[in-house]
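Please keep the sequence and the coordinates to hand while reading.

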Amino acid sequence: MDEVLLRTLTPGVLGVLVRRGADFAAAEDAVQDALVEAVRVWPEDPPRDPKGWLVTVAWRKFLDAARADTARRRREDRVEEEPEPGPAPAADDTLQLYFLCAHPSLTPSSAVALTLRAVGGLTTRQIAQAYLVPEATMAQRISRAKRTVSGVRFDTPGDLATVLRVLYLVFNEGYSGDVDLSAEAVRLTRQLAAAVDHPEVAGLLALMLLHHARRASRTAPDGSLVPLAEQDRSRWDTAAIAEGVAVLQAALARDRLGEFQAQAAVAALHADAPTAGETDWVQIVEWYDELVRLTDSPVVRLNRAVAVGEADGPRAGLAELAALDAALPRYAAVAAYLHEREGDLATAARLYAEAAHQASDLAERDHLTRQAARLNARLRGGGDEEGR
Amino acid sequence: MAKYLLLKHYRGAPAPVNDVPMDRWTPEEISAHMQYMRDFAGRLEKSGEFVDGQALAPEGTWVRYDGEGRPPVTDGPFAETKDLIAGWMVIDVDGYDRAVELAGELSAAPGAGGKPIHEWLELRPFYGVPPTVTE
C-alpha cells in the first residue's frame, strides 16, 4: 500500500469533485472517506486505475452524504446525478486547490492545515500530531478553514506568492509525529512545479531540496545543533543537491529573479563548497545584495552582515551590524560570533549568553549557552593564545 | 503557529482590580465564573487554538535533594510567600498579539458583583521547533 501515491492522487480527485459541482467542504470529506476505503480495499484488490477508482468512490460518498442531508430527495435522483463511469479526466484542477487552500482570507495556520489535508491528503490525526495539538482542535481548525473558503469560486485565479509562503511554512515546521512535514512540503512543491511553470516555484523547490539535503548533518545524535562550518559534509545528500542546483539553474536562466531563487542561490553556494573554508562568501554577499533589493527585510540584512563578516573580515561585519536594529531576532548571536572572530572573547561570551536567553527554540538555546560556556572557560583559563 | 502557556496564580501575581476572595462571592457568581472559563475553552477549541488546560490544587511543596542516603528536604507546612499556580491553559495561536488578546479575554472572567476580576495572568511562550532553514 503506497501511502504517498495515495496522497499524490488526492488533489486531483478533489479537483474533479469540485469541478463537477460538489461544494468544497463536502467534497473534501468525501475524498477523505474514499482514501480510508482505499487503505482498506487496495492491499487485497488493487485497482487498475487508482485515480479513477478514487474519483468513483469519492463521488459515491459525496452523493451518499448529500442524499443523507436532503432526505426528501427522491431515490431516482442518484441515477440522474451519477456520471457515466470511466477514466478520470486528464485535465487537472490541482493548481486551483493549492490557491484555494492558501486563500488570503485564511490565517497562516489555517492555510497550512487545509493545504496538508486537502492537497496533501494527510489525515486530521497526522496533522494534529505534527503540530502537537489535540485532534479535536485540528479538526475544528480545518473545518473553520473549509467554511471560510467555501464561498470562494473555484475558478478564480489565486495568488501564487501566498501558496509558496504556505508551502515554505510547512517546510520550516520540520517534523514530529509520523509525517515528515519537510519531506511533505518538498513533495507538494514538486507537484506544484509540475503544474505551474514559474521560476519562483522552481526557486522554492530548489531551496527546499538544498536545505533538505543537509538536514541529517544539522543535528548530532543527541539532538544538539551542529553549525554549518562543523557539519560532516560527507553526510549531505548529493543527489538532492544536484537536483536542487539543476532546478535552480534552469529557473535563473529565465531571468526573472525572485526571493526564493536568490535564497536558493545562497544555499547552493554553501552546498557547493567542499569545505566550510572554501565557501564563496563574496558571491554569497552578492546574492544577499539581491535579496535586500527584493525584500528589504531586516532579517536578510542581518544574514548579509554575517556573510560580509566572512568575506571581508569580522570588523566589516560588525560595521554592517551597527546599522541594524539590535532588537532583531538572532542579532545578539550574530554579534557574538563576529566579536569572537575579532578576538573580543569577553564581549562575545556576554552576547552568546544574551542570545541564548532570547532563543525561541531549545536546540538553539542550548547551542548558544554552550558557546558562552566555552568562551567563559577559555577566559578563566587565561593565557589562551587566542584570548586578548 | 506558536504555543503559549496562560498561568493563573493563587498567589504571587499582582492584585486584581476586583480583588474579593472567591469565598466571599455568591454561589451564582462562582458558577458564572466557572461557566465563563468553560465557554472560553470551548470557543478556543472551535477556533482551533486550544491545546490543554488543567486546574491545580492550592497546596504545593518545594522538594530538594539533601545528600546521599538522606530523604529529600521539603519546605514544610509553614506559611510561604512563594508563587502558587492555580491552573494553566495551553493555546496554539498565530502569534504573540493573538495570545495577549486571549489572555485579556480570560482575565475578564466575572468575579464578585458579576464584574470582571481583571486578574493578572502570566503569559509564557513555549520553545518552538527549530526552523529547517537557518543558515
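## Confidence of the model

Within chain A, confidence is lowest in helix 4 (residues 77-81), where it has a mean of 53, and highest in helix 12 (residues 238-252), at 98; pLDDT is the predictor's confidence in each residue, from 0 to 100, while helices (H or I, at least four residues) and strands (E, at least two) are DSSP runs numbered from the N terminus. This is a predicted model, in which local features need pLDDT of at least 70 and side-chain atom pairs count only at pLDDT 80 or more, whereas totals for chains, interfaces and linings use all residues. Residues are numbered from 1 along each chain as its sequence is written, chains are lettered from A and ligands numbered from 1 in the order in which they are written, and side-chain values use heavy atoms, with hydrogens and water left out.

Chain A has a mean pLDDT of 89, with 90% of its residues at 70 or more, and chain B averages 90, with 93% of the residues scoring at least 70. Over residues 384-388 of chain A, pLDDT stays under 50, and the model has seven contacts beyond four places in sequence for this stretch, a contact being heavy atoms within 4.5 Å. For the complex, the predictor gives an ipTM of 0.84 and a pTM of 0.86.

## Helices 9 and 10 of chain A

Helix 9 of chain A packs against helix 10 (residues 181-195) of chain A at an angle of about 155 degrees, and their axes are 7 Å apart. Axes are lines fitted to C-alpha atoms, for helices over the stretch in contact, and angles run from 0 to 180 degrees between N-to-C directions. The two helices of chain A are therefore roughly antiparallel to each other, a term for angles over 145 degrees.

From helix 9 of chain A, A:V163, A:L164, A:L167, A:V170 and A:F171 take part, and they meet residues of helix 10 of chain A including A:L181, A:A185, A:L188 and A:L192. The residues of this contact divide into ten nonpolar, two polar and no charged, where Ala, Val, Leu, Ile, Met, Phe, Trp, Tyr, Cys and Pro count as nonpolar, Asp, Glu, Lys and Arg as charged, and the others, Gly among them, as polar.

## The second largest cavity

The structure holds two cavities of 30 Å³ or more. On a 1 Å grid over the protein atoms alone, a cavity is a set of points where a 1.4 Å probe fits but cannot get out, a pocket is an open set with protein on both sides within 12 Å along at least five of seven lines, and lining residues have an atom within 4 Å of a point.

The second largest cavity is lined by A:Y98, A:C101, A:A102, A:T115, A:V163, A:V166 and A:L167. Helix 9 of chain A gives the largest share of this lining, three residues, and by class the lining has six nonpolar, one polar and no charged residues.

About 870 Å³ of space lies in the second largest pocket, a volume being the space filled by probe spheres set on grid points that are joined across faces, edges and corners. Of the 35 residues that line this pocket, the closest to its centre are B:K8, B:H9, B:H33, B:A86 and B:E119. Strand 1 of chain B supplies the largest share of the lining, six residues, and the lining has 23 nonpolar, seven polar and five charged residues.

B:P16 is found in the loop between strand 1 and helix 1 of chain B. Leaving aside neighbours within four places in sequence, B:P16 is in contact with B:I117, B:H118, B:E119 and B:W120.

Key. Angles under 35 degrees count as roughly parallel, over 145 as roughly antiparallel, 65 to 115 as roughly perpendicular and the rest as oblique.
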